[in-house]
Amino acid sequence: RDLARLAARRPAPARGADDDDDDSEPPSSREATPGDSKLSVATKIKLIVPTGAAGVQRFRVNVKSRQPLPCALDVSAVVAPPRLELYAAEGPDAGRLLSDVDFGSMFYGQAREIKAILVNNAPTACPFVVSVASDRELAVANAKKRLEQQAADEDLGEPKEKGSDDDDEDEDEPKTREVQFRDEWAVDDGALTVTPAEGLLEPRAEQAVVFKFAPPIPPPASGFKHQIFAPMTAEDDDAHAGEAGGRQRRNVPARPYGLRVRLGAEGDEEDGKHPPVEVNVAAHAAEPHAVHATPGILRFGRCVTRKKKVGALTIENACDVAARFEFAHCPQFRVFPRVGRLAGRAQARVRVEFYPASMGNFEVVCDLKVEGGLATQQLTFRGKAVQGKREKDPNKSLIAGPGMTWDPIQQSLYGDDYLKLFSSFEGQSTILADGTVLESKYAAIEDEKLREQKQFSDANAKKYVQYLRDCTKKREGRVDRDAALRTAALSGRDLRDPKGVDLALHPLEEPPPPPLPDGFAEPLWIQKGGGRKSAAATALDANKLVQEKFKPRPTTQAEMRHCSARLSAAELAQVTPTTALLDFGRVCVGSTAVRNFGVANGLDHAVLVALSDEMPPEITGRPASQVVPPEAQCGFDMSFHCDKEMKDYRGVVQYTINDAHVLTFEVTAEVVPVRLDLDVTDLELAFDAHSLEPSVDQEVTLTNPGNSAVDFVWAPGAPFGISPEEGTIKPYGSATMLVTWTPEHGVPNAAKLHAHVPGAKADLELAVSGVLEEATCAFKQKKVDFGNAAVGAVKDFEITLENTGDVAAVCTMEIPGELSDCVTCSHDRFRLAAGQTQPMTLLLKATDPRKLDGYVVCDVRGCAPLKIKVEGTAIVPDVRIAREEISFGDEEPAPLVFDFASQFVGFECRRRVVLQNASEIPANLILDLSNHPDFDAEPCKPRDEPAPAPATQARPTFGRTPAPAP
């Protein structure tokens, strides 16, 4: 700034030849004017910092001038190697370099996420690709580390229990666990996903990276649909102490994970420009079924209502992962605690209370959910609620008389007109205060009570005797089972092995009832019951048609007699229809809906059921009649078809029994026009930041809520397209449409797509729009001139495309048809950042002589295409054999056909050939003498010029080999 002010006040005199060396005169005080064209107020200085080695760079720049004020510039910089770095985005380690990721312990089926930030510290853009590889050694090391940490926590935080087997000698030798790693765990099961999986980082840019770990649930053992986990005992604990990196229950798979994640582009380790980032991922997954409660069936026995009876359950966690458990709410039973968290390798006692509110037998299934439903165990609680004995109130008098209050119980028992007095207990009558004599029923009532008590006592005695007999049988059966267990133990069979012959079904435990498939829960539609009313009681589903039809007319004498007889009112009541109102629901205009109408015959003989011929025009039925056997049901297929819209349709259909009794049922329906529904009405499309495609697409769903197939035809609008443009959707079905947006220059990026639906009230309309920032690019060269090029030779030309806008551009190079057979481009499709340039190479290789005159087009997404002119000429070089005098010694000049004449074996004879290129371009020649092994060709040397002919002819020599020609 000081130099600028001094230069502004300095005059601009006419400079002579000696003015450059004259520094004695001070400058005069004068302001600079616009006319001083030779006066420079400021200048730019370019500083280049050497980046050959990493470290701190610092130097000083001194500016020498004629002014007395000094001017210096202190320059400093830190040169760092270009690389990708990964930082933690959350947690206590946020902002630190991330090299190890530990997801901790979790169950199969759970998922956890850890967020990080990938930073590109290089001054150039860097592509990256994420790769995940399983490492057996890393998994074993992580498992050992976890076991050591657990052992240290147990030594510090868990005191020894009294009466344990550990003594001072055992403390000196700690019990260690060995880590075992199964072979199938070495294969990556896809538990870890890293998003994004690939991308391009701009210079000094950041990218959010999410590590998601979700171990999939392993499939059950081969040959078994379910696994049954037995309780862990001391023997099982010792036998499976080192499985999967820790103590596990039998058949409970637990897996240590060790994964190596690499973030970087392929080949980065070789070139060293962008070294990859490597992250070690550790985790431990356990089976949620490791949490198990015993016993499976809890019996409370008899309990008085409004009283409490307590039982206990034992919950065991056989893995190293802490688990959250929850018991479902059960009527008449209460669990304490109902929700809790159980540490790894731990047990807990749960209190269960039976608190009945009413009398009866109760059997409740309680669901034990682990980790919100990852694993569910069904526990059965059984109990019987009885009424307690009523205690007599000593303060309450049972004596009632004139002017006294009656006990409500005694009043309901003996009546309002009788009095029970101690004085008249043995008498037959009672005299009231007004002199009325009333007969007493007290003795008869007391006798009835005694008889009832005697019957109850006899029944109780029989029940007790039967109970003793059942207990004797159970004891005998238990002795037999114990003998069978001892025999199995001696034979070496493990009854607790789920893969053994006994399938882990313990004979002392009551096995749970096997779950039936869903198909067995479906009722049988044509079922003949054992009683008279079973056929009528079983109802048919109106939505399921009966495929089996009975014969239309009676054929035997008995059938003819029964089907022509008139039924009584009681018999007619046993011939019942399945429904009195047949509802077709919502039916589309012009479609046909079919429902089933059935008649059940509860009689012991056949009846004839026939539909009336006089039906509404919208309703038809088949067959017209059926002979229904005894204790059977028949089904009629009733069809409904209507060609106009009706919101509330009602009709009556008549049918006859034995052509003598006329019955009716009502038919209702709602006839609506056909329609299709779109899941969205407004759709916005946008390109991904790293997408190089010229178009982007998105799915929409078209749903048919009606009972008939619906056709549709789309009318696309530029620049948006949809596929398929036409089709048919099945009843109650859906179809997926793909909307594609291809930006075009000069076409608005918003339109409305219409779908025509025949038969609908209105067409569908989908408003679509696209979001795209406009980019600007230009070629630095005006045209491409290849000049003259040889046919078959390759000639290249360098062009450069520059992004002159503020946003990144996606470019696609296209070669028109007239140049596509001879001109190629080194880049097909690429992304050009704002302010950057992209050098490209055009290659020319013509196959025939021609003149090049065309354009190479660069399509920029959403902008006008760029064109650059291509010129040049492809010619064939004109190479000829010069007709010069070819002589060898005193021979005659040789023509184009070279005659080497007769030669001795071992001699060498040469002929000189002169090739002449008459064109303006160089020519590459290949002389192929592969089919003539006795001939060879090589470029001429100065000594190969023909020598002058000798004066006399040399005489041949015999007996020796002549020397070769020079």
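This is a dialogue on reading features of a predicted model.

Trainee: How many helices and strands are in the protein chain?

Mentor: Helices (H or I, at least four residues) and strands (E, at least two) are DSSP runs, numbered from the N terminus. The protein chain has ten helices and 51 strands.

Trainee: What share of the residues counts as buried?

Mentor: Buried means under 20% relative accessible area, exposed over 50%, and partly exposed in between, with a 1.4 Å probe and protein chains only. Of the 966 residues, 31% count as buried. The accessible surface (Shrake-Rupley method, 1.4 Å probe; for residues, only the protein chains shown count as cover) comes to about 61,900 Å², and 52% of that belongs to carbon and sulfur atoms.

Trainee: Which residues of the largest nonpolar core touch the most other members?

Mentor: In soluble globular proteins, nonpolar side chains tend to be buried together. A nonpolar core here is a set of buried Ala, Val, Leu, Ile, Met, Phe, Trp, Tyr and Cys residues joined through side-chain atoms within 4.5 Å. The largest has 33 residues, and L313, I315, F327, F333 and F381 touch the most other members. Strands that each supply at least two residues of this core include β14 (309-317), β19 and β20. The largest share, five residues, comes from β19. By domain assignment (bounds from an automatic or database source), this core draws at least three residues from each of domain 1 (84-153 + 188-217 + 251-286) and domain 2 (288-387).

Trainee: What does F333 touch?

Mentor: Contact means heavy atoms within 4.5 Å. Leaving out residues up to four places away in sequence, F333 touches F300, E353, F354, F362, V364, F381, R382 and G383. A second, separate core of 30 residues includes L86, F103, C126 and V194.

Trainee: How many salt bridges are there?

Mentor: Side chains of opposite charge can pair when their charged atoms come close. The rule asks for a side-chain nitrogen of Lys or Arg within 4 Å of a carboxyl oxygen of Asp or Glu, and by it the count comes to 27. R382 pairs with E363, with the closest N and O atoms 3.4 Å apart. R382 lies in strand β20 (residues 375-386) and E363 in strand β19 (residues 360-370), so the pair ties together parts that are 19 residues apart in sequence. R382 is partly exposed at 24%, whereas E363 is exposed at 53%.

Trainee: Which residues form the nonpolar patch on the surface?

Mentor: Patches are made of residues with over 30% relative accessible area and no salt bridge; like charges are joined within 9 Å, nonpolar side chains (Val, Leu, Ile, Met, Phe, Trp, Tyr) within 5 Å. Here V879, I881, V913, L915 and L925 form one, with about 410 Å² of accessible area together. L925 lies in the segment after β51 (915-917) and is exposed, with a relative accessible area of 51%.

Methods: Residues numbered from 1 in each chain as written. Predicted model: local features only at pLDDT ≥ 70, side-chain atom pairs only at ≥ 80, totals over all residues. Heavy atoms only, no water.
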